[in-house]
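Hello,

Here is the structure we talked about, with its sequence. My notes on it follow below.

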Amino acid sequence: GQSHEIGAMMAAITGTAAGWRSVYLGPDLPADEIAGAAHRHGARAVALSLVFPLEDPLIPAELQRLRRGLDDGIEIIAGGRAAPNYRSALSAIGAVVADLGELRDFLIDIAAT
């Protein structure tokens with residue numbers, strides 16, 4: 001239900017600038033499609049952009065579905081204006097809340113391990 005694109009595009013560009021092979025998937029994808037793409041591309045991390053709405057009751061369940069669909073070693077990073085509103089749901093799946101600068105640093109750290 002996240003129909004915006006700019007934040008997700010910026011995350012993909014940030015990943016590319018940090019030396020990653022970023023794959024931009026587009027807006028409004030269900031968790032199962034994101035997880036499937038992560039598997040197909042051998043992802044080590046998935047970045048989500050959560051902007052609107054600020055209080056969507058469907059987001060926590062969708063985040064749980066995403067975590068179940070990903071291998072344990074795949075990191076989840078969430079940013080965007082609404083991300084702090086979902087901090088407890090993101091924490092429950094082991095996701096990190098980060099702005100673009102923190103995303104870049106986090107990706108550089110992951111790449112070093």
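In this predicted model, the contact between helices H2 and H3 is made by Ala 31, Asp 32, Ile 34, Ala 35 and His 39 on the H2 side, and by Glu 62, Arg 65, Leu 66 and Gly 69 on the H3 side. Sorted by class, these are four nonpolar, two polar and three charged residues.

H2 covers residues 31-41, and H3 covers residues 59-69. The two helices pack at an angle of about 25°, and their axes are 8 Å apart. Angles under 35 degrees count as roughly parallel, so H2 is roughly parallel to H3. Their crossing is right-handed.

H3 also contains Leu 63. This residue is buried, because its relative accessible area is 4% and the cut-off for buried is under 20%. Leaving aside residues up to four places away in sequence, Leu 63 touches Leu 48, Ala 89, Leu 90 and Ile 93. Between Leu 63 and Tyr 86 there are 9.6 Å in space, C-alpha to C-alpha, for a separation of 23 residues in sequence.

On the strands: S1 (residues 45-49) pairs with S2 in the parallel sense, over five bridges. Within this pairing, Val 46 stands opposite Ile 76 of S2. S2 itself runs over residues 75-79. Four of its five residues are buried, so S2 is largely enclosed by the rest of the structure.

Regards

Terms used:
Residues numbered from 1 in each chain as written. Predicted model: local features only at pLDDT ≥ 70, side-chain atom pairs only at ≥ 80, totals over all residues. Heavy atoms only, no water. Buried < 20%, exposed > 50% of the residue type's maximum accessible area, 1.4 Å probe, protein only. Contact = heavy atoms within 4.5 Å. Axes fitted to C-alpha atoms, helices over the stretch in contact; angles between N-to-C directions. Parallel < 35°, antiparallel > 145°, perpendicular 65-115°, else oblique. Left-handed = near helix turned anticlockwise from the far one by under 90°. Nonpolar A, V, L, I, M, F, W, Y, C, P; charged D, E, K, R; others polar. Pairing = 2+ DSSP bridges.
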